[in-house]
Amino acid sequence: MTAVTQKVVTLKDVKQERQAVELSSHVCEEIDELLSHFPVEQKKSALLGALNVVQHENKGFLTEELMVAVADYLDLAKIEVYEVASFYSMYELKPVARNNVAICTNICCMLMGSQSIVDHVEKKLNIKIGDSTDDGRIYLKKEEECLAACAGGPMMQVNHVYYENLTPEKVDEILDGLE
Ligand code: FES
């Protein structure tokens, strides 16, 4: 009988096999500019901005490899970068569609009917909160906390633009205009 030897792949192996990535020269320039605003011993102050730049260049999401590259660039522990990236809702840790739609569902917007807007959008796009459309056009972000435009509720943020006093018709017009 022939013995079959099979290599057991451990989580450690998988992690070691991950390819290290380098930040692009453009990203490094942008991070250097951010760093110039802070004392040299406080590189962590540039972390939020650095993650914004990296995410923007990587089609709207961060990978573990990119977070490691940011940690190396800013002389931070990897866990420090991951803690920040996983805490703030503006960072995505998985691939998402190219247009980021975030409907505020916090108290003021909720009182002004945000749930009916969420229901309308989910039905229109045939996806649930947290999902992207199959055509890669729209990402319906997980429920968003107050976006500080309470007087204009219900409101949503599409990419970096605020839209207020939403109605289903207004939402249709905005979403239909996204490429
Ligand atoms: S509760 Fe929606 S913007 Fe403040």
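Author: First, the elements: helices (H or I, at least four residues) and strands (E, at least two) are DSSP runs, numbered from the N terminus. This is a predicted model, where local features need pLDDT of at least 70 and side-chain atom pairs count only at pLDDT 80 or more, while totals for chains, interfaces and linings use all residues. Residues are numbered from 1 along each chain as its sequence is written.

The chain has eight helices and four strands. Read from the N terminus, the order is α-α-α-α-α-β-α-α-β-β-β-α. Of its 179 residues, 23% are buried. Buried means 20 or more other C-beta atoms within 10 Å of the residue's own; exposed means 12 or fewer, partly exposed lies in between, and C-beta atoms are placed from the backbone.

Now the interior. A nonpolar core is a set of buried Ala, Val, Leu, Ile, Met, Phe, Trp, Tyr and Cys residues joined through C-beta atoms within 7 Å. The largest one here has 18 residues. Val-101, Ile-103, Ile-117, Val-121, Ile-138, Leu-140 and Met-156 have the most contacts inside it. Four elements each supply at least two of its residues: β1 (99–103), α7 (114–125), β2 (138–140) and α8 (168–176). The top contributor is α7, with four residues.

Take Met-156. Contact means that two C-beta atoms, placed from the backbone, lie within 7 Å. Setting aside neighbours within four places in sequence, Met-156 is in contact with Val-101, Ala-102, Ile-103, Cys-104, Tyr-163 and Leu-166.

Val-70 belongs to helix α4 (residues 64–73). It counts as buried because 26 other C-beta atoms lie within 10 Å. Ala-50 is 20 residues away along the chain, yet the C-alpha atoms of Val-70 and Ala-50 are separated by 7.3 Å.

The expected span of a helix is 1.5 Å times one less than its number of residues. For the twelve residues of α7 that gives 16 Å; its end C-alpha atoms are 16 Å apart, so the two agree. Which residues of α7 are buried? They are Ser-114, Ile-117, Val-118, Val-121 and Leu-125. These residues cover an arc of only 100° around the axis, so they sit on the same side of α7. The arc is that of the directions from the helix axis to the C-beta atoms. Gln-115, Asp-119 and Lys-123 are exposed on the other side. The buried residues of α7 pack against β1, α6 (107–111), β2 and α8. After α7 comes Asn-126, with a positive phi near 60°.

Next, the sheet. Two strands pair if DSSP finds at least two bridges between them. Four strands make an open sheet, in the order β2-β1-β3-β4, with mixed pairing. Its edges are β2 and β4 (161–163), each pairing on one side only. On average, neighbouring strands are turned by 25° against each other, direction ignored. Strand β3 (residues 156–158) runs antiparallel to β1, and three bridges join the two. One partner pair is known by name: Val-101 bridges to Val-158 in β3. Helix α7 packs on this sheet and touches β1 and β2. The direction of α7 makes about 150° with that of β1. Axes here are lines fitted to C-alpha atoms, for helices over the stretch in contact, and angles run from 0 to 180 degrees between N-to-C directions.

Finally, the loops. The loop between β2 and β3 holds Pro-154. The peptide bond from Gly-153 to Pro-154 is cis, with omega near -5°. Ala-148 sits in the loop between β2 and β3 too. Its phi is positive, near 65°, in a residue other than glycine. Ala-148 counts as exposed because it has 10 C-beta neighbours inside 10 Å. Lys-59 is in the loop between α3 (47–57) and α4. Lys-59 also has a positive phi, near 55°. With 12 other C-beta atoms within 10 Å, Lys-59 is exposed.
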